[in-house]
Amino acid sequence: MPRRSALLNAALGVVFPLLAFVIAPTLSYGDELNIYSARQESLIKPLLDRFTILTGTKVNLVTGKGDALLTRLKSEGLNSPADVLLTVDAGRLYRAQKAGILRPISSEKLNLAIPAHLRSTENQWYGLSIRARVIIYAPERVDPSELSTYEALSDPSWQGKVCIRSSSNIYNQSLVAGMIASQGMEKTEAWLKGFVANFARAPAGGDRDQIKAVAAGQCDVAIVNSYYLGGMINSDDKGQQEAASKVNLFWPNQRDRGTHINISGAGITQSAKNLESAKGLLVFLANDESQRWYGETNNEFPVRPEVEVSKTLSAWGPFKADQLNVGKLGQYNADAIMAMDRAGWK
Amino acid sequence: MEIKSAISGFKFANQYSGRSWRLGLLIVTVIVAIPVLVIIASLSQPFSSTWQHLADTVLIDYISNSLLLMVGVGFGTLILGVSAAWLTAMCDFPGRKILSWAFLLPMAMPAYIIAYTYTGILDFAGPIQSTLRTTFDWGYGDYYFPQVRSLGGAICMLSLVLYPYVYMLVRIAFLEQSTAVLEASRNLGKKSWQTFFSVAIPMSRPAIVAGVSLALMETLADYGTVAYFGVSAFTTGIFRTWYGLGELTTAAQLCAFLLLFVFALIMAERWSRQRLRFHHNSANKKLVRMQLKGWHAYTALLTGCFIVGLGFVIPATQLVIWASSRWQENLNGAFLSLLLNSFSLAAIAAICCVIVATFLAYTKRVFNSRLELGAVGIASLGYAVPGTVIAVGVLIPVAWLDNKIDFLSRAWFDIPTGLLLSGTIGILVFAYVVRFLSVSLNTVESGLSAIKPSIDESARSLGAGPGQVLKRVHLPILRSSLLTAALLVFVDVLKELPTTLILRPFNFNTLAVRTYELASDERLVDAALPALAIIVIGLLPVLLITKSILNERASHE
């Protein structure tokens, strides 16, 4: 049967090159810097490339979900190739710290540059960019004078008018964790009860979807991370631009503790082989150029207040941010989820 | 007959190198089962207070939603898959040839992608509802429109992309069914629909069950769709417990219960058909398709177009529209390496899976005892496990082994080995085999079940060993089943995301990873190009193999 032997040859022709492909990547990562990043590639690689150009140190990257990377680090132990762990929320850094994966570093430069509430109290991790969770409203239907705090959105007058995504989302968990840290569990539970009763629809989709829902009239207000609105304003997609133009941003809690913020940040692992390079990378990520880049590329705020912000961000005006140490968000994360479960926030 | 063949199997097993086959089976099963066993072993850990919290609040929701999802997707894939198979295998109408491969197209569409696109189209803020509102001057609440992002929506999305599993396997079963049996039924005065329900369907039961159980396992493991739709299913619960509450052990325990449930289902099904035979004794005569005329033909054609339209054409068109606005920026050298990585990974994993599956299925056929039955059952559990959990099950033992090797090597030779396996493509391929073995196994097994044991017996009586029978008799007959198995794994790996994400080496991206990163950042327009590439690459083998299956049939005729 000539047809079958041709098939066999073709199969072998595929198998051998592929085997080489399986075995090949066992490369050594000698003086290079290895990063496990929960920050997705397009939002960190350009900065790493710039670092390589400036210092000559090659940087290798694996991206993934924070907890999955954390589990990988834990099970690989001291033999792990990773030098630096990058995450997109403080909770994961706190968890990594608790698991004993991160190594305390002493860097005068970093401690001076980054405000104390945006880094771990034991110098095991540092915030590198700020993400603010804000209220979005439809100016056609809502007068900004009606808005004040997150807490006020539990008032029955907002019934059927609030959009927010699922409680499985880390930024909602952090929002509630922050509230537990500053207001206590009892007040937070009471707030949750009223707040969940005001939902216009069962939580679904991402933050951009909530903004679109406000623009389309399904709800009057939504709680979202500000950089999603920034992304929509600067989007190439007409629909997104149009939706963004129909809503306004409101900075909540300006008269009390300030708007809830989270960070993206990094720590150096216990297994790090290139300690000096790793420290150098953290300092680089906190310098003026990198700090501006976060704003220009992803509409995040710099951790250093003196760094100038991009046009989109400055249009929203200055705001007062919550001064709570962001590590607390990790500490209360589990409590926050259980409270949200009890309140029936899907 | 069945018992006799089993007995002759045993005799033959003793006569020839039976012991090494069974030992091989045990070794392979144990290795493949390790990650699943790691998860099940979590049940030996103490149950934390989190369980009380879950039981008090959300557990009922998780369970009931997942069960509803299973029932819905089960029916959905059954109806879509079997009708598509019946139409293209047994009937003839204009457009049948095109439909027979077009029905496979939705398989290349990852469930989370179809969910994104339909949400984009049908959501409140999407084009359809917006047009309705501006045309009729409606506002929010003035009209009824079904919610895409709901349990019902998730059932529709999953059914639309998972029915090809049923279609593909059942179609082969219909084609390989003896036309004589069907003709006998017709000659006995049964109408065509009676023949369908009382002969064709029961005879295709292994294929139907194999297809539907694949769809159901994939449904149970699905995270992307249910999470995006805000449905609190069991998988969302597992991840919420792990990521949110930081309780990996409790999450693993949840997953272990899911696995035990699936295992019970698989065993119950296998046990129920253990005594049945599905092969037939008549030779394959030329297949005479029912000629559909008039409105029958139109209905058949329309039904086909409807299924393919919803499952493929509409979402793919939306993706093309999105991708066309941004393709210049996204199509570059890095994109080519994504293509290469995805393709190679999928090809390697497909080959590995088919080899392992053929070995297991065949050994089970020859030594049809409880040991083999159980071993093969355990080996196929991986498919019902969410990819991230499989990854953890792979990661922990492999990293442990790596660290042990490093420790010993340091102690004995003073040479640090570092991590030999962790973070290589090898570990990734192993994880794929664990996760997708079931896909290839089901296909190969359903193919084998159509071969009469008397064929084995004649070959053996002529003095052939088990390896020779496999090579010279079964493999040639199984050719289309093996190709189908390889294709299914190939497409699955191509779409696979969570396992790849956590286990991959440094600087190694795939199309699915890129799509996910962009989509999770809610940049659907940019995500469209890699998503389309997944679909296009997934289509190549689909077309190739459909062609080969069609040729196969033609050569029979």
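This is a predicted model: local features need pLDDT of at least 70, side-chain atom pairs count only at pLDDT 80 or more; totals for chains, interfaces and linings use all residues.
Staying with chain A for a moment, its C-alpha trace spans about 75 × 65 × 40 Å along the principal axes, and of its 346 residues, 53% are buried. If we take the contacts in chain A between residues at least 6 apart in sequence, 78% of them join residues that are at least 24 apart.

Before going on to chain B, a word on confidence. The model as a whole scores ipTM 0.80 and pTM 0.84, while chain B averages a pLDDT of 84, with 92% of the residues scoring at least 70. Among the elements of chain B, helix H4, residues 59-90, has the highest mean pLDDT, at 94, whereas helix H1, residues 2-15, has the lowest, at 45. Over residues 1-15 of chain B the pLDDT is below 50, and this stretch has 14 contacts in the model beyond near neighbours in sequence.

How do helices H11 and H14 of chain B run relative to each other, parallel or antiparallel? The axes of H11(B), residues 205-221, and H14(B), residues 248-272, come within 12 Å and cross at roughly 175°, and since angles over 145 degrees count as roughly antiparallel, these two helices are therefore roughly antiparallel to each other. On the H11(B) side the contact is made by Val209(B), Ser213(B), Met217(B) and Leu220(B), and on the H14(B) side by Leu258(B), Val262(B) and Glu269(B); by type, these residues divide into five nonpolar, one polar and one charged.

Elsewhere in chain B, helix H23, residues 511-520, has nine of its 10 residues buried, so it is largely enclosed by the rest of the structure. The buried residues of H23(B) include Leu511(B), Val513(B) and Leu518(B), and also Arg514(B) and Glu517(B).

Finally, let me turn to where the two chains meet. The contact takes 54 residues from chain A and 56 residues from chain B. On the side of chain A that touches chain B, the elements giving two or more residues are helix H1 (2-23), strand S2 (59-63), helix H3 (66-76), helix H8 (207-216) and helix H15 (333-343) of chain A, and the residues of that side divide into 21 nonpolar, 19 polar and 14 charged.

Terms used: Residues are numbered from 1 along each chain as its sequence is written. Chains are lettered from A and ligands numbered from 1 in the order in which they are written. A residue is buried if 20 or more other C-beta atoms lie within 10 Å of its own, exposed if 12 or fewer, and partly exposed in between; C-beta atoms are placed from the backbone. Two residues are in contact if their C-beta atoms, placed from the backbone, lie within 7 Å. Axes are lines fitted to C-alpha atoms, for helices over the stretch in contact, and angles run from 0 to 180 degrees between N-to-C directions. Helices (H or I, at least four residues) and strands (E, at least two) are DSSP runs, numbered from the N terminus. Angles under 35 degrees count as roughly parallel, over 145 as roughly antiparallel, 65 to 115 as roughly perpendicular and the rest as oblique. Ala, Val, Leu, Ile, Met, Phe, Trp, Tyr, Cys and Pro count as nonpolar, Asp, Glu, Lys and Arg as charged, and the others, Gly among them, as polar. pLDDT is the predictor's confidence in each residue, from 0 to 100.
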